[in-house]
Amino acid sequence: MNINAKQMTSIDVHNKMDNTTALGFFNQIGQLISANAALQSALSTVWTAYIAAYEAFDEAFAQTRKWAQTADIEALDKARDQALSAFNAALKSMLSSPNATKQQAARHLMFVREKYTLNPSDEYMKETTAIAQMIQEMDDDVQASQALTATGLIDWFQDLKQKNQAFLQKMNERTAEQAGRQKGIVREKRLLAEAAYRDLVKLINAAAIMEMPEGLDWNSPIDRLNAEIDHYKNILARKGSSSSSDEDEKPETDGDSTDGSSDGGSEVTPVTPETTE
């Protein structure tokens, strides 16, 4: 047992995240764990339950967006996808720049870019959220911001930013028009996803303390997970206490429905992880 083991830090996934942000967060946490087969195995059924809950929440929320596939939405989506393609092509070309300084700057931008799966064939809001997160990171990362200017990619970047925001604004307008659509289903699935996330945190923290299974390095994955949590805390801090003007974007509170800890640190009560054959 290691009582000084690293722990996943806390984040308020219930009160401070709108649905789009919550989906993006749950997805990023899932991707980090998916990249570690040993970690998935150790988490066993809790991991399986987490993925199932996330996918159910994602599907329920996606259903509220399907009505939005109209001509104007599709036109904005096409323009945004073209801007993404142009940015990707321009960035790729700068990796072969004869100017060593520009080439190095482009490599840093590509490092940030490749953190995000940007697929134009994805569901509208999944793609929009991923692009927005990449843009936000490049805006916040001083080195990335300087690299955009140094490489001359700032115009492509700003064009993508503007067109992604235009698409998001139109989608939000449509969402406001359809307030209440599938509200109960989305709320139910989100609460289940939040509960599955809390179970995941509890198991990871408990397993790290118990050093189970033997030989598994918990420090590295916990460091990566905490870095993602810190990233989202920064996003929430910028949004302020009201992360959405549309109250339907956040579930109502039923008693104690927070993550079981304050934002200051991990206070989740550990549970003893089950051993697997």
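**Exercise 1.** Determine how helix α2 and helix α8 pack in this predicted model.

*Solution.* Step 1: α2 covers residues 37-63 and α8 covers residues 183-210; helices are DSSP runs (H or I, at least four residues), numbered from the N terminus. Step 2: their axes lie 8 Å apart at an angle of about 155°. Axes are lines fitted to C-alpha atoms over the stretch in contact, and angles run from 0 to 180 degrees between N-to-C directions. Step 3: α2 is therefore roughly antiparallel to α8, as angles over 145 degrees count as roughly antiparallel.

Residues are numbered from 1 along each chain as its sequence is written. In this predicted model local features need pLDDT of at least 70 and side-chain atom pairs count only at pLDDT 80 or more, while totals for chains, interfaces and linings use all residues; side-chain values use heavy atoms, without hydrogens and water.

**Exercise 2.** Classify the arrangement of α5 and α6, and list the residues that meet.

*Solution.* Step 1: the axes of α5 (residues 124-140) and α6 (residues 142-151) come within 5 Å and cross at roughly 95°. Step 2: this makes α5 roughly perpendicular to α6, the term for 65 to 115 degrees. Step 3: Met-138, Asp-139 and Asp-140 of α5 are in contact (heavy atoms within 4.5 Å) with Val-142, Ala-144, Ser-145 and Leu-148 of α6.

**Exercise 3.** Which element gives the largest share of the lining of the second largest pocket?

*Solution.* Step 1: the lining includes Gln-28, Tyr-116, Arg-224 and His-231. Step 2: α1 (19-34) and α9 (219-239) each give two or more residues. Step 3: the largest share, 4 residues, comes from α9.

Technical notes:
1 Å grid on protein atoms, 1.4 Å probe; cavity = no way out; pocket = protein on both sides within 12 Å on 5 of 7 lines; lining within 4 Å. Parallel < 35°, antiparallel > 145°, perpendicular 65-115°, else oblique.
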